[in-house]
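I opened the notebook to record, entry by entry, what I looked up in this model.

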Amino acid sequence: MQLLIIDALNLIRRLHAVQAQRHQHEATALAATGAALSNAANRLLVQFKPSHVVAVFDGAPVGFRHHLYPEYKAGRKPMPEALANYLGELQQQLWQQGIDALLSDTDEADDLIATLASTLSRHGKNSIIVSTDQGFCQLLNPHIRLWDHFNQRWLDEHFVQQHYGLKVEQLVDYWALTGVSGSQIKGVPGIGPKRAKALLLQYNTLDRLLASNPQGKDENTVHTHQHHALLSRQLVKLVDDIELGFNLQDLRYPSPTKGS
C-alpha cells in the first residue's frame with residue numbers, strides 16, 4: 001500500500017499565484033488554476049502510482065493552537081476571496097479525478113496529514129506527502145516521505161542535514177528554540193538558527209538542555225525563557241493521533257465510484 005497525501009491548499013495557492021500573475025481577469029485566473037491543478041494531480045498520480053490518494057484541505061480556521069496562543073498565524077496573508085469561493089469547484093474537480101477531499105471543522109490540515117501518514121507508518125505502510133511545507137520534515141522515517149512538487153525534489157533526511165545540520169528528530173526542538181516566523185511562533189528571544197543548532201549539537205534535545213546547569217549565555221537565555229520554548233514546541237509539533245472517522249480503504253485509487 002502507498003498513500004499519496006496532497007497538501008491541497010499548499011498546492012492550490014501556489015498554482016493560483018502563478019495564474020493570477022499571468023491572467024488579468026479573475027475568472028480566467030481561476031479557470032487556469034483549475035487546469036493547472038488537474039495537470040499537477042495527473043502528474044503526481046502517474047509519477048507515484050499510489051494505491052490510495054487523498055487531498056487534505058484546511059477547514060479549521062481556529063484550532064487548539066489558537067487557543068494556546070492567540071497570536072498563532074496572526075497577520076498571515078489571507079487567501080484571495082475569489083479563490084476561497086472557488087475551492088468547492090476545485091474539490092469537485094479532484095473528486096472527478098478519483099481524489100477525495102478531507103477537511104475538518106476542528107483540526108488543521110497539517111495534523112490530519114500527520115495522522116494519516118503516522119497511522120500508516122505505525123502499521124508498516126508507506127505514504128508520500130506532497131507539500132513544500134518543511135514542517136512535515138519532522139515526520140520523516142522509512143515509511144513517510146515528503147515531495148516538493150514545484151522543485152521536483154525530495155525533502156528527506158539528506159535535505160534536513162544539508163539545510164539544518166541536524167537530525168530529523170531534532171527539528172521540533174530546533175523550531176521550539178528559533179520559532180517559526182510564518183506562523184508567528186516566537187521561540188526563545190535571541191536564539192536564532194546558528195545558536196539553536198549549536199545548542200542541539202551539544203545537548204541533543206531541548207529537554208536535556210533544560211535539565212542541565214546553564215554553562216553560558218545561550219543556555220541561560222533558554223532557561224530563562226523555557227516557557228516560550230515549551231509553548232513553541234507544543235505549537236510546532238504535529239498531532240498524529242486524531243480520530244479520523246473513516247476507513248482508509250475509502251481512499252483507494254483508482255476508485256470505481258469516481259471519475260466517471
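**Pockets**

I began with the second largest pocket, for which I noted a volume of about 220 Å³. The model is a predicted one, in which local features need pLDDT of at least 70 and side-chain atom pairs count only at pLDDT 80 or more, while totals for chains, interfaces and linings use all residues. Residues are numbered from 1 along each chain as its sequence is written, and side-chain values use heavy atoms, with hydrogens and water left out.

For the terms, I kept to a 1 Å grid over the protein atoms alone, where a pocket is an open set of points with protein on both sides within 12 Å along at least five of seven lines, a cavity is a set where a 1.4 Å probe fits but cannot get out, and lining residues have an atom within 4 Å of a point. Grid points are joined across faces, edges and corners, and a volume is the space filled by probe spheres set on the points.

I listed the lining of the second largest pocket, which includes Ser-118, Gln-138, Asn-141, Ile-144, Val-172, Asp-173 and Lys-237. By class I found five nonpolar, three polar and four charged residues in this lining, where Ala, Val, Leu, Ile, Met, Phe, Trp, Tyr, Cys and Pro count as nonpolar, Asp, Glu, Lys and Arg as charged, and the others, Gly among them, as polar.

I then turned to the largest pocket, with a volume of about 1300 Å³. Of the 42 residues that line the largest pocket, Arg-13, Asp-58, Lys-73, Arg-76 and Asp-133 are the closest to its centre. The lining of the largest pocket divides into 19 nonpolar, twelve polar and eleven charged residues. Which helix gives the most to the lining of the largest pocket? I found that H1 does, with seven residues; helix H1 (8-22), helix H3 (64-68), helix H5 (109-122) and H11 each supply at least two. Helices (H or I, at least four residues) and strands (E, at least two) are DSSP runs, numbered from the N terminus.

In helix H5 I looked up Ser-121, which counts as buried at 14% relative accessibility; buried means under 20% relative accessible area, exposed over 50%, and partly exposed in between (1.4 Å probe, protein chains only). Leaving aside residues up to four places away in sequence, Ser-121 touches Asn-141, His-143 and Ile-144, where contact means heavy atoms within 4.5 Å.

I went on to strand E4 (residues 126-130), of whose five residues four are buried. Strand E1 (residues 2-7) runs parallel to E4 and is joined to E4 by five bridges, and two strands pair if DSSP finds at least two bridges between them. Strand E5 (residues 144-148) also pairs with E4 in the parallel sense, over four bridges. At Ile-128 of E4 I noted Leu-4 as a bridge partner, and Arg-145 in E5 stands opposite Ile-128.

**Aromatic rings**

I counted five aromatic pairs, with rings of Phe, Tyr and Trp (its six-membered ring) paired if their centres lie within 6.5 Å, and planes under 30 degrees apart called stacked, over 60 edge-to-face and the rest tilted.

Tyr-164 is buried at a relative accessible area of 10%, and Trp-175 is buried at 9%. I also noted one aromatic cluster, formed by Phe-48, Trp-147 and Trp-154.

**Backbone**

Most residues other than glycine have a negative phi, and most peptide bonds are trans. I therefore wrote down Lys-49, which is exposed with a relative accessible area of 63% and has a positive phi of about 45° although it is not a glycine. Lys-49 sits in the loop between helix H2 (26-48) and strand E2 (52-56). Gln-184 also has a positive phi, near 60°, in the loop between helix H7 (171-178) and helix H8 (193-203), and counts as partly exposed at 29% relative accessibility.

Is the peptide bond from Tyr-253 to Pro-254 cis or trans? I found it cis, with omega near -5°, and Pro-254 lies in the segment after helix H11 (226-236).
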